[in-house]
Amino acid sequence: DNIKVVAGVFLMKSIKNIIGNFRHYWFLMTQLISRDFKVKYKRSVLGVLWSILNPILMMTVMAIVFSQMFRFKVEGINYLVYLMTGIVMFNYFSEASNLAMSSVVMNFPLINKVYIPKYIFPVAKCLFVGINFLLTLIPWFAIILLSHVGLGEYACPINWTYLILPYIFLCYFMFTIGVGLLLSCISVFLRDMFYIYGIILTIWNYVTPIFYDI
């Protein structure tokens with residue numbers, strides 16, 4: 001019982017310290033996110049619009065390949081919505097975890113000059129990609145609505161269950177941060193992780209039911 005009490009107190013102090021650090025370094029985190037946006041869309045004509053166009057173009061290509069050429073379908077479910085959901089969700093995890101993995105290594109010069117909690121960098125990357133993720137939800141919802149006017153074989157139902165999506169996205173975000181933190185620690189000592197993880201993501205992509213029935 002004493003061990004449980006000590007562990008509980010230690011956990012509460014750790015959470016309190018993390019929250020305090022986020023408040024203290026919030027300005028730095030916003031600057032990191034802003035810098036990433038400027039770098040990503042530098043000299044881009046469409047800029048942030050690519051966050052919306054990219055999943056649409058990707059879905060169009062994959063829909064033609066898998067629904068027309070390979071004749072994949074999910075019985076009773078709108079295949080375009082099913083495919084778009086898989087693409088949007090997996091793309092977020094793939095990009096966020098990849099950027100989080102290299103975030104500590106890429107910021108070595110800054111880390112060596114001043115004290116900054118190392119986990120700030122992976123979290124900032126996940127938040128940066130998270131903003132893009134929220135933008136990709138616009139075409140996702142558009143395709144769901146279009147399914148009601150004849151897009152695809154089946155109409156995607158719209159009901160109260162959509163209200164739990166924020167909770168699902170929050171869990172997904174926390175899971176991605178956890179993976180990103182783990183990868184950022186490993187990559188500091190094992191640079192081969194940058195190449196290994198690319199292979200892991202490719203395998204993960206094909207063993208996940210993104211374009212085929214679960």
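**Helix packing and core**

Author: Two packed helices are described by the angle between their axes and the distance between the axes. Here α6 and α7 pack at about 145 degrees, with axes 10 Å apart. Axes are lines fitted to C-alpha atoms, for helices over the stretch in contact, and angles run from 0 to 180 degrees between N-to-C directions. Helices are DSSP runs (H or I, at least four residues), numbered from the N terminus. This is a predicted model: local features need pLDDT of at least 70, side-chain atom pairs count only at pLDDT 80 or more, and totals for chains, interfaces and linings use all residues. Residues are numbered from 1 along each chain as its sequence is written, and side-chain values use heavy atoms, without hydrogens or water.

Reader: Which residues of α6 and α7 meet?

Author: Contact means heavy atoms within 4.5 Å. From α6, the list includes Pro122, Cys126, Phe133, Leu137 and Trp140. From α7, it includes Leu165, Phe169, Phe173, Gly180 and Ser184. The residues of this contact divide into 13 nonpolar, 3 polar and no charged. Ala, Val, Leu, Ile, Met, Phe, Trp, Tyr, Cys and Pro count as nonpolar, Asp, Glu, Lys and Arg as charged, and the others, Gly among them, as polar.

Reader: Is Ser184 buried or exposed?

Author: Buried means under 20% relative accessible area, exposed over 50%, partly exposed in between (1.4 Å probe, protein chains only). Ser184 counts as buried because its relative accessibility is 3%. Its side chain reaches the backbone oxygen of Leu181 at 2.7 Å. Not counting residues up to four places away in sequence, Ser184 touches Ala100, Met101, Val104 and Pro122.

Reader: Now the core. Which helix supplies the largest share?

Author: In soluble globular proteins, nonpolar side chains tend to be buried together. A nonpolar core is a set of buried Ala, Val, Leu, Ile, Met, Phe, Trp, Tyr and Cys residues joined through side-chain atoms within 4.5 Å. The largest one here has 49 residues; Met59, Leu83, Tyr92, Cys126, Phe133 and Tyr197 touch the most other members. The largest share, 15 residues, comes from α4.

Reader: What does Tyr197 contact?

Author: Beyond neighbours within four places in sequence, Tyr197 is in contact with Phe93, Ser97, Asn98, Met101, Val179 and Leu183.

Note on methods: Helix = DSSP H or I, 4+ residues; strand = E, 2+ residues; numbered from the N terminus. Polar contact = N/O pair within 3.5 Å; in protein donor to acceptor, adjacent residues only side chain to side chain.
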